[in-house]
Every structure is written in structure tokens, then in C-alpha cells.
Amino acid sequence: MPDSAPGAPSMRWFALHTRARSEARVEERLRARGLEAWAARATVARQWSDRVKRVAEPLFPGYVFARLEAAAETPSARDALLRALSTPGVADVVRHRGRPAPVRDDAFVVAWFREDWARNLYPGGGAFRDARGQLEEHL
């Protein structure tokens with residue numbers, strides 16, 4: 001997460017609420033509109049009657065993060081928020097007291113590392129098979 005250059009607008013991550021099971025499509029559509037977007041995913045093993053398949057599932061079902069200008073008063077910030085909210089599949093931005101609420105940087109870093117941990121450190125079986133839920137409580 002690089003810092004913004006001096007004099008550049010302050011960019012923050014916002015959580016966008018999406019329609020059910022459309023996180024990946026919303027992420028693609030936001031990027032196509034020129035916005036930085038991230039839908040956290042983890043690969044998990046799913047059992048079917050005839051096979052086990054590894055599939056990518058969202059870590060935060062129903063949410064995609066978009067990096068937007070933090071100062072809502074500027075025309076460019078309002079334009080970026082409007083582009084995000086008018087993206088098909090986006091229901092709304094997470095708000096606090098009626099205003100778009102940026103995700104705290106420390107919470108966003110935890111989410112970023114949680115995706116990395118789920119992807120790389122948890123093998124999905126073996127000795128760690130039963131520890132997953134206990135470890136996720138601490139993240």
C-alpha cells in the first residue's frame with residue numbers, strides 16, 4: 001500500500017457492499033472504470049460427491065474494497081464515488097452517520113495479511129485441519 005505523493009489527493013480504502021456472490025465481477029468492473037479495487041479471496045477445498053476441488057471464495061462475502069479520494073467535498077472525489085456506486089453489482093458504500101466511511105488503515109492491513117495467510121500459510125489439511133477456526137478468531 002504505497003503512500004500518496006506530496007500534493008496528491010488523499011486516497012483511502014472504502015468498503016463497498018455488493019450483491020450476493022458478485023464480488024469478483026464487481027472487482028473487474030471497478031477496475032474497468034479506472035478505480036483501484038480489491039476483493040479478498042482464499043482458496044479452500046470443497047467436497048463434491050465424486051471429487052474434492054479447490055475454489056477461491058471471498059474472505060468478506062458481500063464486500064469489495066475500492067481506493068477512492070478521502071475528501072468527499074471535492075468534485076473529483078464525488079465523481080469517483082459516483083463511478084463506484086453506479087457500477088453494476090454495487091449496492092452501497094459502507095457509511096458511518098450517513099457519510100462514506102473509509103476503512104481504518106490498520107484494519108485494512110490486517111485484512112490484507114489475512115488473505116495472504118489464508119492463501120499461503122494454511123495448507124487446508126493435515127495437522128492444521130482443525131486449527132483454522134481457532135486461528136481465524138485472532139485475526
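## Chain overview

Of the 139 residues of the protein chain, 30% count as buried, where buried means under 20% relative accessible area, exposed over 50% and partly exposed in between (1.4 Å probe, protein chains only). This is a predicted model: local features need pLDDT of at least 70 and side-chain atom pairs count only at pLDDT 80 or more, while totals for chains, interfaces and linings use all residues. Residues are numbered from 1 along each chain as its sequence is written, and side-chain values use heavy atoms, with hydrogens and water left out.

The secondary structure of the protein chain comes to four helices and eight strands; these are DSSP runs numbered from the N terminus (helices H or I, at least four residues; strands E, at least two). Along the sequence the pattern reads β-α-β-β-β-β-α-β-β-β-α-α. Among contacts in the protein chain with a separation of 6 or more, 66% are between residues 24 or more positions apart, a contact being heavy atoms within 4.5 Å.

## Nonpolar cores

The largest nonpolar core has 15 residues, and Leu16, Leu30, Leu35, Val64 and Leu68 touch the most other members. Two or more residues each come from strand S1 (11-18), helix H1 (23-32), strand S5 (63-69), helix H2 (75-85) and strand S6 (90-93). A core of this kind is a set of buried Ala, Val, Leu, Ile, Met, Phe, Trp, Tyr and Cys residues joined through side-chain atoms within 4.5 Å. A second, separate core of 10 residues includes Ala15, Ala42, Phe65 and Ala111.

Residues up to four places away in sequence not counted, Leu35 touches Leu30, Leu68, Ala80, Arg83 and Ala84.

## Aromatic residues

The structure holds two aromatic pairs. One of them joins Phe60 and Phe65, edge-to-face, at 5.7 Å centre to centre with 90 degrees between the planes. Rings of Phe, Tyr and Trp (its six-membered ring) pair if their centres lie within 6.5 Å; planes under 30 degrees apart count as stacked, over 60 as edge-to-face and the rest as tilted. Phe65 is buried, with a relative accessible area of 8%, whereas Phe60 is partly exposed at 23%. Trp38, Phe60 and Phe65 form one aromatic cluster.

Trp48 is placed in the loop between strand S3 (41-47) and S4. Its relative accessible area is 36%, so Trp48 is partly exposed. Leaving aside neighbours within four places in sequence, Trp48 is in contact with Lys53 and Val55.

## Largest pocket

The largest pocket has a volume of about 320 Å³. Its lining consists of 14 residues, of which Arg21, Glu23, Ala56, Glu57 and Pro58 lie nearest the centre. H1 and strand S4 (52-58) are the elements that give two or more residues to this lining. By class, the lining residues divide into seven nonpolar, two polar and five charged; Ala, Val, Leu, Ile, Met, Phe, Trp, Tyr, Cys and Pro count as nonpolar, Asp, Glu, Lys and Arg as charged, and the others, Gly among them, as polar.

On a 1 Å grid over the protein atoms alone, a pocket is an open set of points where a 1.4 Å probe fits, with protein on both sides within 12 Å along at least five of seven lines; lining residues have an atom within 4 Å of a point. Grid points are joined across faces, edges and corners, and a volume is the space filled by probe spheres set on the points.

## Positive phi angles

Arg21 lies in the loop between S1 and H1 and has a positive phi of about 60 degrees although it is not a glycine. At 74% relative accessibility, Arg21 counts as exposed.

Arg97, also not a glycine, has a positive phi of about 55 degrees. The loop holding Arg97 runs between strand S7 (95-96) and strand S8 (99-100). Arg97 counts as exposed, at 78% relative accessibility.

His17 is found in strand S1 and is partly exposed, with a relative accessible area of 35%. Not counting residues up to four places away in sequence, His17 touches Gly62, Tyr63, Gly89, Val90, Ala91 and Asp92. The C-alpha atoms of His17 and Gly89 are separated by 8.7 Å, the two residues being 72 apart along the chain.

Arg31 lies in helix H1, partly exposed at a relative accessible area of 48%. With residues up to four places away in sequence not counted, Arg31 touches Ala37 and Trp38. Arg31 and Ala84, 53 residues apart along the chain, have C-alpha atoms separated by 9.7 Å.
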